[in-house]
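Open the model in your viewer and keep the selection tool at hand. Each stop below says what to pick and what is there.

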Amino acid sequence: MRQVTILGATGSIGQSTLDIIALHPDRFELYALTANTSHQEMLRLCTRFKPKLVVMRDLESSKLLKRSLKGSTIKVLSGEEGLVQVVVADEVDTVVAAIVGAVGLIPTLAAVKAGKRILLANKESLVMTGALFIDAVKQHAAELLPVDSEHNAIFQCLPKGSVGQDAAQGLNKIILTGSGGPFRDTDLAELDNVTPEQACNHPNWDMGPKISVDSATMMNKGLEMIEACWLFSVDEADVDIVLHRQSIVHSMVSYKDGSVIAQMGNPDMRTPIANALAWPERIASGVEPLNLLQVSQLDFTLADSARFPCLELARAAWHLGGTAMAVLNAANEVAVELFLKREIKFTDIALLIGKVMEKTEVVAVTDLDSVLNADAAARRILHELVRQRARSL
Ligand code: NAD
Ligand code: MG
């Protein structure tokens, strides 16, 4: 029996993970579920899944949940300390890192340092810390398994044990696929006026709001390029990005002998999550088998950098190295949040990230503080840029 903690249980990845766990009560037991503020949804999950512990990061929400759970044996914790406690506990062997954004870093890294099996959805934590994260995986003999569909696909196409190791022998390229999001065909002049609702309406995937906007700008693919470099020990130049509108081929690995190995499936996150949960075994995920006759056609085209300037920003951040990736990630998080609140335009996202990158000094990632300082500085600068602009209007 695997004892599982799900960080971000009320989110899109969290819910898909719970769906799979519900199919296999003989394999998985829930140790802890965590969320930020959604205590009512958490109450529903507690009634259905009966974890031993629950963490609400937000103190008020934890008090409300405690009140609702009065008389139950489920313990309620709060804060970042609570998140860390439920990943490092001896009873736990598997941690699903599905919190969105940089706030996922501390508990995810705690799971790494406790040598757990980590199912990584929270790409932001790896993008911002890079070598620090991968070195900790090696040092603490943690088992890092990618859940991001592209990286799980690549993981399946590479020789066994490739995560965090030297680049696979005979590798030519990693080919990351991306659907291009909801604005892949939108007139460029109209991008100024697109709304958060339109940006979150992804044609192929049903995801949380932040990653949906990242998919619309394709910053998601930029972050994934960096994620792939750290996970599989390759360079930016080894990763091609192609648009594939059907989201059936989740990514590919091209080898020197001319072979290209692809992983395919319906666009449903339960497949990569089930793959990582049971690895190296295969279990049912509840996903319908792919019917290629129904799909009938697979298209691949170049990702246009005029439409998707975030791709270049991510490549530039990789080349700058050090804290530049933490800056890229933090500036993106703030810009996306402001766009979702209708305080900036969709096209401002890339513009502002570019300006923040110009204004920040890149230093080497020496320890966690160097990353957290860069993250905080980037957030401050982005807010200041938006304030300055509002004053000048
Ligand atoms: P979501 O917005 O649906 O859920 C986020 C979860 O994180 C929720 O449970 C929420 O309570 C929790 N959370 C948010 N802020 C928090 C905070 N301050 N402290 C503690 N917990 C907090 O997000 P999602 O779409 O499930 O994405 C989660 C992660 O997985 C992201 O890093 C995303 O990039 C990655 N990912 C998602 C998908 C997908 O299909 N949704 C695919 C690939 C990768
Ligand atoms: Mg992905």
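Start with P280, which sits in the loop between helix 12 and helix 13 (292-295). Helices (H or I, at least four residues) and strands (E, at least two) are DSSP runs, numbered from the N terminus. Select W279 as well: a cis peptide bond joins W279 and P280, with omega at about 5°.

Two notes on conventions before moving on. This is a predicted model, in which local features need pLDDT of at least 70 and side-chain atom pairs count only at pLDDT 80 or more, while totals for chains, interfaces and linings use all residues. Residues are numbered from 1 along each chain as its sequence is written, chains are lettered from A and ligands numbered from 1 in the order in which they are written, and side-chain values use heavy atoms, with hydrogens and water left out.

**The second largest pocket**

Select T271, R282, I283, S285 and V287. Of the 15 residues lining the second largest pocket, these are the closest to its centre. The volume of this pocket is about 270 Å³. On a 1 Å grid over the protein atoms alone, a pocket is an open set of points where a 1.4 Å probe fits, with protein on both sides within 12 Å along at least five of seven lines; lining residues have an atom within 4 Å of a point. Grid points are joined across faces, edges and corners, and the volume is the space filled by probe spheres set on the points.

Now colour by element. Strand 11 and helix 12 (270-278) each supply at least two lining residues. Helix 12 gives the largest share, three residues.

Go to M264, in strand 11 (residues 260-264). M264 is partly exposed, with a relative accessible area of 39%. Buried means under 20% relative accessible area, exposed over 50%, and partly exposed in between (1.4 Å probe, protein chains only).

**Salt bridges**

Next, show charged side chains. The count comes to 23 salt bridges, each a side-chain nitrogen of Lys or Arg within 4 Å of a carboxyl oxygen of Asp or Glu.

Centre on K123. D148 is in the loop between strand 7 (143-146) and helix 8 (149-157), K123 is in helix 6 (residues 123-129), and the two are 25 residues apart. K123 also meets E224 in a salt bridge, at 2.9 Å, N to O. That pair is 101 residues apart, with E224 in helix 11 (residues 219-232). Buried or exposed? K123 and D148 are both buried, and E224 is buried too.

Then pick D93 and R2, whose side chains form a salt bridge (3.4 Å, N to O). D93 is in the loop between helix 4 (79-88) and strand 5 (94-97), R2 is in strand 1 (residues 2-7), and 91 residues separate them. Both are partly exposed: D93 at 26% relative accessibility, R2 at 24%.

Stay in this loop for E91. E91 is partly exposed at 47%. Draw a distance to Q3: the C-alpha atoms are 6.7 Å apart, across 88 residues of chain.

**Positive phi**

Jump to K50, in the loop between helix 2 (39-49) and strand 3 (53-56). Phi of K50 is near 45°, a positive value in a residue other than glycine. K50 is exposed, with 58% relative accessible area. F49, in helix 2, is buried at 15%. F49 and A22 are 8.1 Å apart, C-alpha to C-alpha, and 27 residues apart in sequence.

Last stop: S247, in the loop between strand 9 (239-243) and strand 10 (249-255). Phi of S247 is near 50°, also positive in a residue other than glycine. S247 is buried, at 6% relative accessibility.
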